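Hi everyone, thanks for making the time. I'd like to walk you through a few pieces of one structure, so please have a look at it first.

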Amino acid sequence: MTFDSRARAAVLDIHRAVEVMEMTTSTKEPRTVERFDRFRDRKQRNRRIGAILVAGALVVTGIVVVSMNVGGKEDGAIPATPGALEGRLLFEVYGGDRSQLYAIDAAGGPVQDLGLDVDPGAHWSPDGKTILVTSTAGPAETALPGRPATVASDGSDFRLLDGVEDRTLNLACLVFSPDGTRIACGGFNDLGAPTGIYTVRATDGGGLRMVTDADGVPADYSPEGEQIVFVGEDPDTGSSSDEAGTLFVVGSDGTNLREITEPNAVLPLPFTHGGWSPDGQWIVFMGADRTLRLVHPDGTDEHAVPLDPDAGVGEVVGATWSPDGAWIAFSARSVGEEDSDIYLVRPDGSELQQLTETPSVGEYVTDWTA
Amino acid sequence: MAFLEGSRSVAEGSEPVAVEASETFEDFYVREFPAVVGLAYALSGSRSGAEDLAQEAFLAAHRGWDRVGGYDDPGVWVRRVVANLSVSAIRRRVVETKALARIALGQTPALPELSAESVEFWRAVRSLPRRQAQAIALHYLEDLPVAEVARILGTAEGTVKKHLFEGRKKVVRLLRLEEDEA
């Protein structure tokens, strides 16, 4: 086959896709500016979200116990360790061109607007004193190439960690090592093509090391820092769609790369990559079927956290462990609602509680610090 | 009143369309949207993010319509914007992520998936240097002549010819295709 014949077929396929899009939407949105108006409204709505939150609509004075039911796992399979709701959660509110960063105590209370527009997946430093964000959270002139950056826990003191000389390499850095000395990043070139998983120094963003050339974005370090879990693309099957990825674990030195879920079993959103439990035994993630799931780091005993079906929790979006490993915080859409709220649950599915309840605002939890 | 040669929609192929320079944004949007979203789809490869990339470009046009609408051909301007948005790695990833967030909450992307062969072809195009990828997408998707591609990319015709030649050569090698006859 020649280039021209291959190109013609590929062009026709794009044209067909656009025609299908127009046909499938034409009954509701005839070919007018209504589709554009809806997009513009969504962006304007997201600007209003900031005002709503600042005005105090999302002030949570106490958590709501949704269900005390223990899920379907046998007692003792995953011990529900005692643990008070302590520490502080980071969450983001998405949509349009706004992704705003907020913090809230795990026990409830007022929401703190950190005053930042961020890329998805902001994380605390191990000591909780700083927050890892990307360069796009800072001034426009320093946004590119993609680099890690930090802000103080109140959102102030933006610091760009621009220690990598290669200006064609963009780094999407999402998580600190447990000792706070390194940051794990997904790399991609100017065309958006993935180049691998890297780590850089947390002090200045320099000291670039490639962990693996696999296509993926890091999710978390193991508690001792010797391994990294990331969401990537199965090398044999590829991604079945934009909404499917695969969980991998690799040594921080690049050794022992292994796939720990079935291909395309994971929803590959930055805030849903999940995390490693503090005791090192489990990795929490969101399944491609939008369920809250756990798996051992060796890929065994992969299962859904059994949530009480009567609690009204719908599709799960994003999850993180409490610092003591006694709780999982996750974002989910309540049944019948469009926007997600934050819930807390024991790893065995018991003591499900709702932390936020905001029908018009979607919160996506990203991390929990002591 | 001056009539100008406008840009082309997917449905209309390569036939020039006469449009009034003073057309409304609404008319401009309705005519150009299919071609622009197709360009975003080819250059970004994102079923979920392509429409948002196209809408971002039109939103920029809408905000500056007093100025953009007065250009000889606003279609050139909006194609340049979406071509740059689609190959801007960080911008594209942010748009994709936000689109995926909506998908996670139950909204389905409007664009259907492409065939495996088409996905492979456009992936090869996107692996090219940015200008080569843009030149190939613009030239082939809308059957635009080299001069029109040069206008959109803001470069010389000779440069576009070079991008097309080099880009085609690389895609032929990547996909192990036969050489086209000269």
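**Strands, a helix and a disulfide**

Let's begin where β19(A) meets strand β20 (residues 303-304) of chain A: two bridges join them, and they run antiparallel. Before I go on, this is a predicted model, so local features need pLDDT of at least 70 and side-chain atom pairs count only at pLDDT 80 or more, while totals for chains, interfaces and linings use all residues. Residues are numbered from 1 along each chain as its sequence is written, chains are lettered from A and ligands numbered from 1 in the order in which they are written, and side-chain values use heavy atoms, leaving out hydrogens and water.

A word on terms: strands (E, at least two residues) and helices (H or I, at least four) are DSSP runs numbered from the N terminus, and two strands pair if DSSP finds at least two bridges between them.

Back to that pairing: A:L294 has A:H303 as its bridge partner in β20(A). β19(A) also runs antiparallel to strand β18 (residues 283-286) of chain A, joined by four bridges, with A:F285 opposite A:R293. Five residues lie between the strands of this hairpin, where A:R290 takes a positive phi near 65°.

Which way do the side chains of β19(A) point? A:L292 and A:L294 go one way, A:R293 and A:V295 the other, and all are buried. Buried means under 20% relative accessible area, exposed over 50%, and partly exposed in between, with a 1.4 Å probe and protein chains only. In a regular strand the side chains alternate between the two faces of the sheet.

Next, an open sheet of four strands in chain A, in the order β5-β6-β7-β8 with antiparallel pairing. β5 (123-124) and β8 (159-160) of chain A stand at the edges with a single partner strand each, so one side of each has no neighbour in the sheet. β5(A) pairs with β6 (residues 130-134) of chain A over two bridges, and A:H123 has A:L132 as its bridge partner there.

Over in chain B, helix α2 (residues 50-63) has 14 residues and reaches 20 Å from first C-alpha to last, close to the 20 Å expected at 1.5 Å a residue. That expected span is 1.5 Å times one less than the number of residues. The helix is mostly covered, with 11 of its 14 residues buried, including B:L53 and B:F58.

Finally, the structure holds one disulfide over all chains, meaning a pair of cysteine sulfur atoms within 2.5 Å. A:C173 and A:C185 form the link, with sulfur atoms 2.1 Å apart. Both ends are covered: A:C173 is buried at 1% relative accessibility, and A:C185 is buried at 0%.
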